[in-house]
Amino acid sequence: MTRWTPDPSFYPSPRQAALAPAEKLAYVAAFDRAAERPDALAVLDTDPESPEYGRVVGWTDLPHTGDELHHFGWNACSSALCPTAPHPHVERRFLIVPGLRSSRVHVYDTKPDPRAPKLVKVIEPGELAERAGYSRPHTVHCGPDGIYLSALGGTGDADGPGGIAILDHTSFDVRGAWEADRGPQHLAYDFWWHLNHDVLVTSEWGTPSMIEDGIVGELLLGRRYGHAIHFWDLAKRRHVQRVDLGDAYQMPLELRPAHDPTQTYGFVGVVISVEDLSASIWLWHRDGAEWAVTKVIDIPAEPADAADLPDLLKPFGAVPPLVTDIDLSVDDRFLYVSCWGTGELRQYDVSDPFHPVQTGSVRLGGIVRRTPHPGFPDEPLAGGPQMVEISRDGRRVYVSNSLYGSWDDQFYPDGVGAWLAKLDVDTEAGGLTPDARFFPRGEEFRGLRVHQTRLQGGDASSDSYCFP
């Protein structure tokens, strides 16, 4: 896996990455909610010239049941070209695939046949617990010095704190916990960084007991889920500052920093406000020597007949947007916001990050609307745009419809189904349109639900850069 020359899918700057060739394949995490069959990695053909375009062309079952695949990522990416990277000749070859419920971490080799990833290693829960003190691995990012893996839980009977473990780039052994001093941080979820500024940012969801059986109404109304983000000294691995959004703003989840490495701002999506069921997007930024967070987008709940709502929402007579994912194009121009509850994907021009302007919207699914795909108008859809992935050139957006097994069941009790859509983007004026030829769904995924998508060669949420 060591190369004499850098991997050609690595780019020193976001500007150069945006000129990369289009992806030919996409990898999708698929899971069995009943935990009776193995989860799987599905491989989709994304080449418009291919006769198999928009179809599942590869399928790899995991060796066990009950993993519940969620987020996953590459072993190495463009951060390997940073001046401080000790491993400049690694290659983007292996997919690091955690099981959120099982705490196993799987390593899949995409060579020699990228349509048939092969399992090369399983990190068992005991190794993650013994060497790092964590369980319930969640998010994977390829750093310049190793593979970073966030986790929601502690070990044994400990429900937390969650944090970040480091894996070796080549052996995939667990090195240990990343944090040298975690300060007040206890809840964990996503993490990202500003590499040139030695800053790491983390967000909060909840401990495993708070999330594994669905959202707990008492915890939500009691404002017990996460509502802060944390800033760290990346080099010293020490907590620097906690910024509280206010306990009404529950679950600040996905973090998306500017790709431009000279900038020190980014966006975080908040799932729900307990005061009015709205969702929101916040901007983190410097405020003198400190960090600050400013709300820049509000998305209101939509009124609905209680008879059309799941039990959790009936007393409120409204559908919350439930912003469960966001993604930022590589050129830092467009922010995409998934409103999983209302079944909407929104596009905002964030050229001025303090003043976003909505430039596009597509409706698919939704708790009440069940909006069909325009290519298949007679098929009402459950779920909604959830995980979002953007091609490096910003021209294609992929969305999948499942959030997390128990939460799917809670908000879509009649079944969430399985589908994945591709949207074409007008990169000049803004706007996005569903591709009628690309809509794998249902039995195409063999009865499994689909969550995150990763694009061959990299995508907008996998790579970070050290040169402008």
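Contact here means heavy atoms within 4.5 Å. Keep in mind that this is a predicted model, where local features need pLDDT of at least 70 and side-chain atom pairs count only at pLDDT 80 or more, while totals for chains, interfaces and linings use all residues. Residues are numbered from 1 along each chain as its sequence is written, and side-chain values use heavy atoms, with hydrogens and water left out.

Let's start with W407. Setting aside neighbours within four places in sequence, W407 is in contact with W205, I211, G214, I215, M251 and W340. W407 also belongs to the largest nonpolar core, a set of 61 residues in which Y148, L200, W205, I229, M251, W407 and F411 touch the most other members. A nonpolar core is a set of buried Ala, Val, Leu, Ile, Met, Phe, Trp, Tyr and Cys residues joined through side-chain atoms within 4.5 Å; buried means under 20% relative accessible area, exposed over 50%, and partly exposed in between, using a 1.4 Å probe and protein chains only. Another core lies apart from that one, with 22 residues, including V362, V397, V399 and W419.

Now over to S280. Its relative accessible area is 1%, so S280 is buried. Leaving out residues up to four places away in sequence, S280 touches Y249, V268, G269, V270, K295, I297 and D298. The S280 side chain also makes a polar contact with the W282 side chain, at 2.8 Å (a pair of N or O atoms within 3.5 Å; within protein, one must be able to donate a hydrogen and the other to accept it, and residues adjacent in sequence count only if both atoms are side-chain atoms).
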